[in-house]
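Look at the structure first, then read the points below.

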Amino acid sequence: MMAEAGASGPRLAELLALGRRLWDELEASTEPSSGAPAVQDKVRQGLDALQRAADMVAQLELFSDNEELEEVASADLKFLLLPALLGALTLKQVDLSRRREHLESAREHFLRFLKLCRNYGLGSFQLPPQSSAEEESGSPSAPQEPGQPNLVAMAMSRTAKIERYKQKKELENKLASMSSSVESGTADEDQIREFYILQIQKWIGTSLEEIESIDQELVILRSRDAARQAPAGPRGPSRPARTPVRPFILTRDAAQARVFGVGYPGLPTMTVDDWYEQRRRQGIVSQQGFGELESPPCPSPPAGTSDEELQKQQQETEEEEDDEEALRKARDWDDWKDTHPRGYGNRHNMG
């Protein structure tokens, strides 16, 4: 295996080194937006280099499910990181129209990396479900009442997160102290092997955290897509068009109606009692609540009566009332002129 890796080694190592370098630059980038052209260009270059390296590793069959960690050459251990780096760079893509596709692809990369590490006994952790849909459905062996939070699972998850955080800090400190000797070439094979194993263990924690975050985002995206595809519910019956009402002046009594009616021949007046009586005859208000009335309430118009017929009936009623009101106003005006000579009340033209 070591000979095969060495035969193609320089090219494979260069691709991995390029992908790692681009990833480090993206993590240390000060660009204000992850969607900047320079940032996305590095993401594409890194993905291309790492994918080519992963294809070469698969062709060389550097790793096998039936071998132990001791059988893997120290120089080949670093290639175990390829799926994790691919998943991390996949998440750096910002095309919103393909966000769900990128999330699912990154999850597959991280899960492949975790399975590979599990086969070699690198770290003690529980593998996430094969897909986020399995995690949403829950474990069939542990039924739970709907609406009740799984407090045990929440406590275990919190404990696992705290433990992963502590391990991550310890690994970062160890890697920082060993990186200078490994990069300078002064480290021996045991130190190089330990350095790569520590890197792998650090990415195990990162992969578990990323898969958890991906699953949460996928739930939101699926809910949004389902809401968009759901058919619109039936709307309620439309409200019937109201018959337009002619404007008028509403007064308290007949005396006030005569006062307001003078000088406003185009705008009829109506007392409160007259208004209630008219609305009652039209069937708009009921008799209850307006005192004792001798006549029973007028029935509402029969079903099927059109708006035009209703408006015509209302107009005829208003014309009849206008005629009676006009006649009463004329008589009142004649009576008033008999008792008030011309110019009565004029205080402006004193001469």
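In helix α2, V43, G46, L47, L50, Q51, A53, A54 and V57 are in contact (heavy atoms within 4.5 Å) with L82, L85, L86, L89 and T90 of helix α3. The model is predicted: local features need pLDDT of at least 70, side-chain atom pairs count only at pLDDT 80 or more, and totals for chains, interfaces and linings use all residues. Residues are numbered from 1 along each chain as its sequence is written, and side-chain values use heavy atoms, without hydrogens and water.

**Helices α2 and α3**
- The contact of α2 with α3 has 10 nonpolar, three polar and no charged residues.
- Helix α2 covers residues 37-60 and helix α3 residues 82-90; their axes are 10 Å apart, at an angle of about 155 degrees.
- α2 is therefore roughly antiparallel to α3 (an angle over 145 degrees, on a scale from 0 to 180 between N-to-C directions).

**Helices α4 and α7**
- The axes of α4 (residues 99-119) and α7 (residues 189-229) come within 9 Å and cross at roughly 150 degrees.
- This angle makes α4 roughly antiparallel to α7.
- The contact of α4 with α7 divides into 15 nonpolar, one polar and nine charged residues.

**Helix α4 itself**
- α4 has 21 residues and reaches 30 Å from first to last C-alpha, close to the 30 Å expected at 1.5 Å a residue (1.5 Å times one less than the number of residues).
- Buried residues (under 20% relative accessible area, 1.4 Å probe, protein chains only) in α4 include L103, A106, F110 and L114.
- After α4 comes G121, with a positive phi near 70 degrees.

Technical notes. Helices (H or I, at least four residues) and strands (E, at least two) are DSSP runs, numbered from the N terminus. Angles under 35 degrees count as roughly parallel, over 145 as roughly antiparallel, 65 to 115 as roughly perpendicular and the rest as oblique. Ala, Val, Leu, Ile, Met, Phe, Trp, Tyr, Cys and Pro count as nonpolar, Asp, Glu, Lys and Arg as charged, and the others, Gly among them, as polar. Buried means under 20% relative accessible area, exposed over 50%, partly exposed in between (1.4 Å probe, protein chains only).
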